[in-house]
Amino acid sequence: MKKLYKATAKSPANIAFIKYWGKKDPQINLPFNNSISMNLSHCFTVTTVEFVKRFRKDRVFINDKEVFAGKKDRVVNILNIVRKMAKIDWKARVVSQNNFPADAGIASSASGFSALALAASKAAGLDLTLKELSILARFGSGSACRSVIDGFAEWKKGKDSQTSFAVQLAPLEFWNLIDIVVVMAKEKKKISTTEGHAAALTSPHYKTRLKELKARIKNLRETFLKKQFKKFGELIEEETISLHIIAMTSNPPIFYWDKGTMVVINELYNWREEGFLAYFTIDAGPNVHVICRQKDERKVNQRLKELPEVLFTIVNHPAKGSRLVEKHLF
Ligand code: PMV
């Protein structure tokens, strides 16, 4: 009989080269398209979960603050799924810490829900396969299903809950791509990713995006596997622009970019004229992820940090997926 119903997991955020935008089934986070991502070595969440018989309610603490854990809460939803799978009804304490600043505009949903999925399932005595873990994390946030996989992942959209999960596209050693997160805005973003997903379907261009994605995904996979950096970079930019066209033409329109976003994009264009290759990808916020090769990492980072709009940068290389760790947070 297992004595300690407690486990801790560490899990990375990931950056999507092909992005998930718009939900086919918002209840279970089913996407319209496959997406492709890389785990980030220096943006991660550590989460401890403990189930205790005498607890009267679930309590959740994120970055030292207690958050409301009502019935509709996404954390409670994951705990409920785990309880059902493990056939226990004990309440839990969840403590979660991100290593990146909460107000830096870096999404913590992927690292947070993938860490929660692993820690909660282990604490409940379950031994899930990677596929099961990816599905469980997906219930918290779609992009979290990619963070459980080591290195580079592809989320296969699937047809239903059981067929929608991420698999490995390549191990982390395959290509030492660098993602420099350029943090310019510290304020909390105004339009949540959840709202953005919902609004996407109102864009008159959404159907065109899905049509274009078929070829783009295939080309991106190919250029990635052949390590054709220039073509790969052009594709990730095309994909980013496509997502933001959808956001800007949604009802109501969503503008995630700000002045600083354009400053960085223009810089990258100028550098390319010098023959110096770095490309942008942007999620649901103004901060830019600059993708470059390892040989250029120092120079790119140096130049980015010299821009007056830039508060700080976080340099990432490809990373492992979710892991159990020994040291509990409480
Ligand atoms: O997993 P969510 O619901 O936080 O959505 C993530 C959306 C993007 O970051 C913009 C794209 C992606 O695929 O990660």
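How many residues surround the ligand, and which are the closest? In this predicted model, in which local features need pLDDT of at least 70, side-chain atom pairs count only at pLDDT 80 or more, and totals for chains, interfaces and linings use all residues, the ligand is surrounded by 13 residues, of which Tyr20, Ser109, Ser143, Arg146 and His197 are the closest; a residue is taken to be near a molecule or strand if one of its heavy atoms lies within 4 Å of it. Residues are numbered from 1 along each chain as its sequence is written, and side-chain values use heavy atoms, with hydrogens and water left out.

The shell around the ligand consists, by class, of four nonpolar, six polar and three charged residues, where Ala, Val, Leu, Ile, Met, Phe, Trp, Tyr, Cys and Pro count as nonpolar, Asp, Glu, Lys and Arg as charged, and the others, Gly among them, as polar. An oxygen atom of the ligand lies 2.9 Å from a backbone N or O atom of Tyr20, while polar side-chain atoms of Ser109 and of Ser141 each lie 3.0 Å from an oxygen atom of the ligand. Of the 380 Å² of accessible area that the ligand has on its own, the protein covers 94%, with areas computed by the Shrake-Rupley method with a 1.4 Å probe and, for residues, only the protein chains shown counting as cover.

The protein is divided into domain 1 (6–171) and domain 2 (177–316), with bounds that come from an automatic or database domain assignment. Each of these domains supplies at least three residues to the shell around the ligand. The C-alpha centres of the two domains lie 24 Å apart, and 28 residues of domain 1 are in contact (heavy atoms within 4.5 Å) with 41 residues of domain 2.

His197, one of the residues closest to the ligand, belongs to helix α5 (residues 193–200), where Gly196, His197, Ala199 and Ala200 are buried. Buried here means under 20% relative accessible area, exposed over 50%, and partly exposed in between, with a 1.4 Å probe and protein chains only. The buried residues of α5 pack against β2 (23–25), α6 (206–225) and α7 (229–248); helices (H or I, at least four residues) and strands (E, at least two) are DSSP runs, numbered from the N terminus.

Helix α2 (residues 109–123) holds Ser111, which counts as buried because its relative accessibility is 0%. Beyond its neighbours within four places in sequence, Ser111 is in contact with Ser11, Pro12, Ala13, Phe44, Thr45, Phe100 and Ser147. A polar atom of the Ser111 side chain also lies 3.4 Å from the backbone oxygen of Ser108, and a polar contact is a pair of N or O atoms within 3.5 Å; within protein, one must be able to donate a hydrogen and the other to accept it, and residues adjacent in sequence count only if both atoms are side-chain atoms.

Asn98, in strand β7 (residues 91–98), likewise touches Phe44 and Thr45, along with Asn63 and Ser108, when residues up to four places away in sequence are not counted. Its side chain is joined to that of Thr45 by a polar contact of 2.7 Å, and Asn98 counts as buried because its relative accessibility is 16%.

Leu128 is placed in the loop between α2 and α3 (130–140), where, leaving aside neighbours within four places in sequence, Leu128 is in contact with Met85, Ser121, Leu133 and Leu136.
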